[in-house]
Amino acid sequence: MGGITPKDFLRDYWQKRPLLIRNALPGFNGLLTRDELIKHACTEDAQSRLVIHKKGKWHLQHGPLNEYDFTKLPKKQWTLLVQEVNHFLPSARDLLKKFCFIPHARLDDLMVSYAPKGGGIGPHFDSYDVFLLQGMGSRRWQISSQQDDEFVADAPLRILKNFLPEQEWVLNAGDMLYLPPKYAHNGIAEADCMTYSIGFRAPSYHELMMQFLIYLQDDLAVEGRYSDPDLRLQVYPSEINVAMLSQVDSILKKIKWTRTDIQNFLGIYLSEPKPHIFFEQPTKPLGSDLFLRQIMKNGVQLNLKSRMLSGVNKLFINGEIFEVGDDAYHVLIKLANDQEILPPLYMNEETEEVLYQWYVNGYVEVIKD
């Protein structure tokens with residue numbers, strides 16, 4: 001953090017103002033090559049986009065891509081973006097651990113982009129916080145605190161029409177730029193370069209409310225049924241009468257929730273895998289005894305796709321709740337915090353059963369030698 005402590009960063013910069021950090025990761029030149037990124041973009045599991053700026057027009061192609069798509073590209077002014085690189089690259093998870101001063105519940109993913117000279121996706125806003133870490137090559141970043149959010153008409157991306165840069169820097173390998181939400185920015189490749197974007201979730205109020213109502217409907221149980229024994233003859237049969245309005249108003253007021261409901265909702269919602277993510281169960285799972293012997297020797301870690309959070313004596317993993325006793329909780333919360341538990345492991349029977357169930361589900365795996 002360029003000599004700034006995490007505590008000072010959160011107080012002075014987080015969601016407040018940008019921060020340029022020179023040499024944030026000394027010696028960092030990236031985690032994968034251009035060809036490796038293209039290979040991932042051509043798989044069904046990865047979410048990828050190809051953005052081309054040609055003759056003043058923007059073009060967008062969603063993945064999965066294929067190798068032929070990359071043979072017909074111009075020499076410059078295009079960008080490949082691949083989301084969730086941390087789902088298939090162990091070193092990406094290690095990189096994200098450096099940002100654990102931000103709660104896991106806020107982390108979204110690691111996106112990696114590649115661009116030849118002049119490549120970029122145009123000036124735009126993000127609705128979330130982002131750290132832009134430069135890998136190989138260099139990229140020029142222009143930023144602005146402008147409020148003008150008019151977008152280019154008919155563009156497939158939300159590109160700002162009237163971008164007015166206020167500050168500008170060239171970032172080289174290992175440099176990093178932090179931007180709070182709604183800070184306009186434009187990144188342009190100076191030469192072939194790769195940028196690592198660490199993004200954070202910021203659900204809209206509408207999304208939170210809708211998802212919470214969906215959560216409530218699964219557990220809501222209210223007795224009774226609408227009735228009107230004192231129904232009176234009304235002049236206009238199409239009219240929704242006052243008595244019905246009043247009764248339904250009183251019925252809806254029976255919807256109530258507690259802080260426990262909110263915690264359970266957040267744990268499920270924020271750890272729920274995205275719709276395109278699936279977990280592969282072991283084709284030939286180890287027996288429980290052999291599994292336990294191996295993790296006692298080598299340790300256990302989350303599958304790269306797993307998301308795990310913790311509450312009060314409960315754990316949330318991939319949209320599921322596990323309420324456990326104190327002993328199991330004190331062991332398993334290490335997995336939630338560090339994504340791994342290294343030997344020595346001290347486990348009671350409940351801990352062993354939970355870990356084995358997660359292993360069979362494909363949520364955790366034995367750390368390899």
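At roughly what angle do the axes of helix H8 and helix H9 cross? The axes of H8 (residues 326–338) and H9 (residues 349–361) cross at roughly 40 degrees. This is a predicted model. The protein is divided into domain 1 (6–200), domain 2 (208–225 + 240–257) and domain 3 (288–366).

**Helices H8 and H9**

- The two helix axes, those of H8 and H9, come within 9 Å.
- On the H8 side, the contact is made by Asp327, Ala328, Val331, Leu332 and Leu335.
- On the H9 side, the contact is made by Glu350, Thr351, Val354, Leu355 and Trp358.
- Sorted by class, the residues of this contact between H8 and H9 are seven nonpolar, one polar and two charged.

**Domain 1 and domain 3: extent of the boundary**

- The centres of domain 1 and domain 3, taken over C-alpha atoms, are 33 Å apart.
- In the contact between these domains, 12 residues of domain 1 meet 12 residues of domain 3.
- About 970 Å² of area is buried between domain 1 and domain 3, and carbon and sulfur atoms give 47% of that area.
- The residues of domain 1 that lose the most area to domain 3 are His87, Arg93 and His104, which together account for 60% of what that side buries.

- One salt bridge is counted between domain 1 and domain 3.
- A salt bridge is formed by lysine 97 with glutamate 340, where the closest N and O atoms are 3.8 Å apart.
- Nine residue pairs are in polar contact between domain 1 and domain 3, counting pairs with both residues at pLDDT 80 or more.
- On the side of domain 1 that touches domain 3, helix H3 (90–97) and strand S5 (107–115) each supply at least two residues.
- H3 gives the most to that side of domain 1, with three residues.
- By class, the side of domain 1 that touches domain 3 holds five nonpolar, three polar and four charged residues.

- Glycine 63 and proline 64 are joined by a cis peptide bond, with omega about 5 degrees.
- Proline 64 sits in the loop between strand S3 (57–62) and strand S4 (78–82).
- Glutamine 77 also lies in the loop between S3 and S4.
- The phi angle of glutamine 77 is near 65 degrees, a positive value in a residue other than glycine.

- Proline 343 and proline 344 are joined by a cis peptide bond, with omega about 0 degrees.
- Proline 344 is found in the loop between strand S16 (340–341) and H9.

Definitions and conventions
Residues are numbered from 1 along each chain as its sequence is written. This is a predicted model: local features need pLDDT of at least 70, side-chain atom pairs count only at pLDDT 80 or more; totals for chains, interfaces and linings use all residues. Side-chain values use heavy atoms; hydrogens and water are left out. Domain bounds come from an automatic or database domain assignment. Contact means heavy atoms within 4.5 Å. Buried area is the accessible area (1.4 Å probe) that two parts lose on being put together, summed over both. A salt bridge is a side-chain nitrogen of Lys or Arg within 4 Å of a carboxyl oxygen of Asp or Glu. A polar contact is a pair of N or O atoms within 3.5 Å; within protein, one must be able to donate a hydrogen and the other to accept it, and residues adjacent in sequence count only if both atoms are side-chain atoms. Helices (H or I, at least four residues) and strands (E, at least two) are DSSP runs, numbered from the N terminus. Ala, Val, Leu, Ile, Met, Phe, Trp, Tyr, Cys and Pro count as nonpolar, Asp, Glu, Lys and Arg as charged, and the others, Gly among them, as polar. Axes are lines fitted to C-alpha atoms, for helices over the stretch in contact, and angles run from 0 to 180 degrees between N-to-C directions.
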